[in-house]
Amino acid sequence: MTPDTTAYVHWFRQSSPYINAHRGKTFVLMFEGDAIADANFTHIVQDIALLTSLGVRLVLVHGARPQIDTALERLGVQSTFYKDFRITDRQALTAVKAAVGYVKADIESRMSVGLPNSPMHGARMRVVSGNFVTARPMGVIDGIDFQHTGEVRRIDHSAITDLLAAGNIVLLSCLGYSPSGEVFNLAVEDVARQAAISLRADKLILMGQDDGLLEDNGETLQQLTCRSLEERLTHFHGEARHHAEAALKAVSQGVPRAHLISFQHDGALLQELFTREGKGTMISQDPYDQLRPARIDDVGGILTLLKPLEDAGILVRRSRELLETELNRFYVIERDGMITACAALYPYSDDRAELGCVAVHPDYRGGHRGQLLLDQIEQEARKRQFQQLFVLTTRTAHWFIEQGFVPGQVSDLPEERQKLYNFQRNSKVFLKTL
């Protein structure tokens with residue numbers, strides 16, 4: 001029996017805009033030592049190979065916290081922490097270097113797999129690492145000497161950029177080096193954030209235990225702006241707090257988007273990068289869904305959005321030519337180049353205006369897009385000093401009532417709109433005083 005590939009074909013077609021958008025872009029991908037020890041890391045490596053084959057330039061930043069803990073335990077040394085930072089004395093530094101070297105070798109070996117009949121066959125990824133991170137000592141804080149614990153001073157972005165341009169994957173660790181030859185143990189989030197900022201990366205991707213940042217009820221916060229994340233920052237603790245802070249600082253300093261996803265969820269990386277719904281939490285300076293006035297290049301998207309409603313008789317059919325002449329009346333919500341919702345404001349000669357062409361893509365109903373568009377239309381109507389907004393509808397009467405509209409009669413419409421009323425459609429009239 002032939003397997004049904006319909007879902008796969010649909011997903012692959014839907015992902016094509018993202019494949020084109022990501023080609024040639026630079027992504028910084030951070031994962032902790034926990035991710036490397038997880039059974040799903042094999043799949044993550046396969047996804048990294050896929051991204052490379054699609055033309056994405058990758059900088060990988062790895063940590064080694066659990067591996068360092070194991071190395072210290074073997075040496076009989078107990079680590080001391082202060083404010084979530086490991087105090088790295090000389091003995092601890094020996095364990096840190098051993099653990100980081102082990103993890104680095106493990107990553108490189110996994111990325112060298114190319115057996116026939118395996119997802120990595122033919123990948124031939126070149127992984128390059130080196131002394132690209134210059135560090136300095138963290139110093140003494142609150143009377144505590146952090147010794148060989150350091151912070152990033154500089155990223156050699158020009159050398160990394162040249163390596164990426166030559167088709168290499170660049171691998172950075174949580175170790176940094178000083179001009180005097182010292183080695184410092186760094187927070188992996190610090191390295192990833194600074195690398196993303198210095199390289200002017202298009203994305204910073206942080207892989208952790210959870211599916212992004214979680215609400216108190218366990219639900220994932222799918223999208224946050226820098227401002228909204230700042231307001232919520234105190235709600236997060238531990239790893240989530242560290243990742244959130246790194247994402248916030250990176251985006252605030254010019255990285256367009258940061259993504260927080262789980263290393264335990266198979267395919268999370270691909271879902272976040274190649275689907276509109278994503279997987280995890282995305283941080284951006286501005287909202288992911290952009291509400292704005294329509295432009296001429298939106299005509300095709302608006303027509304695609306309206307057509308199913310026109311075919312069902314819910315909306316009156318509009319030609320491309322008519323839509324182009326009315327385009328200045330439309331507002332749209334865009335997500336990654338796709339028009340997901342639209343509405344229009346039609347003015348009349350008196351102090352009234354019509355709300356028309358309210359449409360939301362089926363995949364995005366149940367959110368707040370209709371409400372956002374209505375708020376925008378009402379705001380624009382008030383700015384233009386209209387006193388009343390009216391709408392004609394055949395199927396969504398209850399929604400408009402919930403938004404404060406009240407039932408009206410055809411005779412309540414402006415005289416010129418009454419002349420255009422289609423009695424065969426028998427649309428219900430609703431009014432709202434502004």
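I am working from a predicted model. I began by asking what Glu380 touches, leaving aside residues up to four places away in sequence. I found Tyr331 and Leu345. With Tyr331 there is also a polar contact, side chain to side chain, at 3.2 Å. Glu380 itself sits in helix H13, which covers residues 369-383. Buried or exposed, I wondered about Glu380? Its relative accessible area is 13%, so I noted Glu380 as buried, the cut-off being under 20%.

Next I looked up which residues make a nonpolar surface patch of about 390 Å². They are Tyr8, Val9, Trp11 and Phe12. I followed up on Tyr8 and placed it in helix H1, residues 6-22. Tyr8 has a relative accessible area of 52%, and it counts as exposed because the limit is over 50%.

Most residues other than glycine have a negative phi, so I wrote down two exceptions. Lys83 is not a glycine, yet I read a positive phi of about 55 degrees there. Where is Lys83? I found it in the loop that links strand E3 (80-82) to strand E4 (85-87). Lys83 is exposed, at 55% relative accessibility.

Arg200 went on the list too, with a positive phi of about 55 degrees despite not being a glycine. I located Arg200 in the loop between helix H7 (188-198) and strand E13 (203-208).

How values were computed. Residues numbered from 1 in each chain as written. Predicted model: local features only at pLDDT ≥ 70, side-chain atom pairs only at ≥ 80, totals over all residues. Heavy atoms only, no water. Helix = DSSP H or I, 4+ residues; strand = E, 2+ residues; numbered from the N terminus. Buried < 20%, exposed > 50% of the residue type's maximum accessible area, 1.4 Å probe, protein only. Polar contact = N/O pair within 3.5 Å; in protein donor to acceptor, adjacent residues only side chain to side chain. Contact = heavy atoms within 4.5 Å. Patch = residues over 30% accessible without salt bridge, like charges linked within 9 Å, V, L, I, M, F, W, Y side chains within 5 Å. Areas by Shrake-Rupley, 256 points an atom, 1.4 Å probe, with all protein chains shown as cover. Salt bridge = Lys/Arg side-chain N within 4 Å of Asp/Glu carboxyl O.
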